[in-house]
Amino acid sequence: MANQRLPMYQIRRILQLRQQGYSKRAIAATLAVARSTVDQYLATIEGHFATLDQALSWQDDQLHRLLAQPLIPKVDRIGDLYERFTGFDVQLSKPGVTRFLLWSLYKQHNPDGLQYTQFCLRYKQWLQTQRTVMHIEHKAGDKLFVDYAGKRLTVMDATTNQPVIYEFFLAS
């Protein structure tokens, strides 16, 4: 039945099975309850106790009062990540700025935040939602489009052995 608390013997059985190393899916299948129900009970219990032994040592009425309380919200691991993404395009266009540098700054503010791979994945997903494309029709040879390649090239002059700085541009 929906929205009804499980009997206390079933809640204790969830804790015992979890203590024995069963997965949440296996517990749900064994007790014929929804996986989300098992997850909800375990999240509440694991949020209040360091070990499942402590929870199992409580009396039924104490556990019932505990489970009647609202769930303590989980710590937000992402933090202000999506707000930071808005300025990343501008920062990444600057020379020497990389995604790794931006991630390390994010980790300084959010030590429990995402690791680098997830950070890059979330940024890529966010970036795909922000892309706007404008198709421009033009005649071939009508206009010249120029784009500079970033930092200037430094080449050593063979005769004077002095560095010479060159501007490099690509036209298409």
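1. The secondary structure of the chain amounts to eight helices and four strands, where helices (H or I, at least four residues) and strands (E, at least two) are DSSP runs numbered from the N terminus. Along the sequence these elements follow the pattern α-α-α-α-α-α-α-α-β-β-β-β. The model is predicted, so that local features need pLDDT of at least 70 and side-chain atom pairs count only at pLDDT 80 or more, while totals for chains, interfaces and linings use all residues. Residues are numbered from 1 along each chain as its sequence is written, and side-chain values use heavy atoms, with hydrogens and water left out.

2. Of the 172 residues in the chain, 23% are buried, meaning under 20% relative accessible area, with exposed being over 50% and partly exposed in between (1.4 Å probe, protein chains only). Among contacts (heavy atoms within 4.5 Å) between residues at least 6 apart in sequence, 45% join residues at least 24 apart.

3. Strand E2 (residues 153-156) and strand E3 (residues 163-166) run antiparallel and are joined by four bridges; strands pair if DSSP finds at least two bridges between them. Six residues lie between the strands of this hairpin, in which Asn161 takes a positive phi near 55°.

4. Leu153 belongs to strand E2 and stands opposite Tyr166 in E3. With a relative accessible area of 44%, Leu153 is partly exposed. Leu153, Val155, Tyr166 and Phe168 make a nonpolar surface patch of about 380 Å².

Notes: Patch = residues over 30% accessible without salt bridge, like charges linked within 9 Å, V, L, I, M, F, W, Y side chains within 5 Å. Areas by Shrake-Rupley, 256 points an atom, 1.4 Å probe, with all protein chains shown as cover. Salt bridge = Lys/Arg side-chain N within 4 Å of Asp/Glu carboxyl O.
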